Amino acid sequence: MNFKSLALLLTAAAAPQVVVAGPLAYGICQTGCNALVVACYAGAGFTFGVALPLAPPAIIACNVGLGTCMAACAAVALAPTL
């Protein structure tokens, strides 16, 4: 190994590392969102995943909440952790 490669390796190893929550936190977050939307559908008297020809307002509200939650999960996946 030449000196330049060794110096680069040592510099990279010594540099402070930023850890990203990544796929694990994203998966946990999405699981929580899905659990909430299933509860929302059940509270409205419907089954999550069953297609309806016309969605009632309660289901639309559940879907809006799911979208908001999933958008927050994207931020969790990209947020650095210590």
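Leaving aside its neighbours within four places in sequence, which residues is Tyr41 in contact with?

**View 1. Tyr41 and its surroundings.** Tyr41 touches Phe46, Thr47, Phe48, Ile59, Cys62 and Asn63, once neighbours within four places in sequence are set aside; contact here is heavy atoms within 4.5 Å. A quick note on what you're looking at: this is a predicted model, where local features need pLDDT of at least 70 and side-chain atom pairs count only at pLDDT 80 or more, while totals for chains, interfaces and linings use all residues. Residues are numbered from 1 along each chain as its sequence is written, and side-chain values use heavy atoms, with hydrogens and water left out.

**View 2. The largest nonpolar core.** Tyr41 turns up again here, along with Cys33, Val37, Ile59, Cys62, Leu66 and Cys73, in a core of seven residues. To count as a nonpolar core, buried Ala, Val, Leu, Ile, Met, Phe, Trp, Tyr and Cys residues must be joined through side-chain atoms within 4.5 Å. Buried is under 20% relative accessible area, exposed is over 50%, and partly exposed is in between (1.4 Å probe, protein chains only). Helices are DSSP runs of H or I, at least four residues, numbered from the N terminus.

**View 3. The Cys29 to Cys73 disulfide.** The whole structure holds three disulfides, meaning pairs of cysteine sulfur atoms within 2.5 Å. This one has an S to S distance of 2.1 Å and is left-handed, with -90 degrees about the S-S bond. Cys29 sits in H2 and Cys73 in H3, so the pair ties together parts 44 residues apart in sequence. Cys73 is buried, at 0% relative accessible area.

**View 4. The Cys33 to Cys69 disulfide.** Here the S to S distance is 1.9 Å, and the link is left-handed at -85 degrees. Cys33 belongs to H2 and Cys69 to H3, so this pair connects parts 36 residues apart in sequence. Cys33 is buried at 2% relative accessible area, whereas Cys69 is partly exposed at 23%.

**View 5. The Cys40 to Cys62 disulfide.** The sulfurs are 1.9 Å apart, and the torsion about the S-S bond is about -80 degrees, so the disulfide is left-handed. Cys40 is in H2 and Cys62 in H3, so the pair ties together parts 22 residues apart in sequence. Cys40 is partly exposed at 33% relative accessibility, while Cys62 is buried at 4%. With the bonded cysteines numbered in sequence order, the pairing reads 1-6, 2-5, 3-4.

Definitions and conventions: Helix = DSSP H or I, 4+ residues; strand = E, 2+ residues; numbered from the N terminus.
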